[in-house]
Amino acid sequence: MSSSKGGPTQSQRAPKAHLETSHEILTCTIKSPQFSYAHLELSTNGPEPAQLDDLQVKSYCTAALRQFLGLTGEAISLDILKVDGADCWLRVPRQDLGSFAAAITAWKGASDGGVHSVLRIKQCSDWLGAMVGSDGQDALWDS
């Protein structure tokens with residue numbers, strides 16, 4: 001039996017409800033994350049390869065922020081996620097990433113015994129996974 005317009009009738013069409021095998025339960029979109037991430041590298045003019053530790057990272061970043069923004073810069077919260085050789089990964093509040101990056105870039109560095117050390121920004125992002133890539137995510141947390 002056909003409808004008056006020439007198309008298939010209700011009984012001839014396959015019901016769509018039987019074709020769905022999965023259901024979307026919840027969708028969540030993060031538009032503005034709370035934190036941003038920075039990957040820094042220590043560069044020196046010394047004869048030995050550059051090595052960082054947590055205390056140096058905190059000291060160098062605090063000096064850069066103090067020089068650039070004064071007490072306001074010192075108040076910026078920094079979380080050191082990992083230090084590996086001359087590289088370090090930090091977490092900063094998203095709204096402070098621009099100020100942090102500017103302070104690190106403008107920082108003149110530190111000198112000790114004729115060896116000059118300076119931090120360089122390798123990457124900054126609101127998403128840690130975007131910085132390390134899918135291959136590097138496991139390596140970031142494994143020592």
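How many bridges join strand S2 to strand S3? Five, and the two strands, S2 (residues 79-84) and S3 (residues 87-93), run antiparallel. A quick word on terms: strands are DSSP runs of E, at least two residues long, numbered from the N terminus, and two of them pair if DSSP finds at least two bridges between them.

Keep in mind that this is a predicted model, where local features need pLDDT of at least 70 and side-chain atom pairs count only at pLDDT 80 or more, while totals for chains, interfaces and linings use all residues. Residues are numbered from 1 along each chain as its sequence is written, and side-chain values use heavy atoms, with hydrogens and water left out.

Back to the hairpin: two residues sit between S2 and S3, and Gly 85 takes a positive phi near 65° there. Val 83 stands opposite Cys 88 in S3.

Now for the charged pairs. The structure holds three salt bridges, each one a side-chain nitrogen of Lys or Arg within 4 Å of a carboxyl oxygen of Asp or Glu.

| Salt bridge | N to O distance |
|---|---|
| Arg 66 and Glu 74 | 3.2 Å |
| Asp 79 and Arg 91 | 2.7 Å |
| Lys 122 and Asp 87 | 3.8 Å |

Asp 79 in S2 and Arg 91 in S3 are 12 residues apart. Lys 122 belongs to strand S5 (residues 115-125), and its partner Asp 87 in S3 is 35 residues away.

How open are these residues? Buried means under 20% relative accessible area, exposed over 50%, and partly exposed in between (1.4 Å probe, protein chains only). Asp 87 counts as buried at 19%, whereas Lys 122 is partly exposed at 43%. Asp 79 is partly exposed at 26%, and so is Arg 91 at 25%.

Technical notes
Helices (H or I, at least four residues) and strands (E, at least two) are DSSP runs, numbered from the N terminus.
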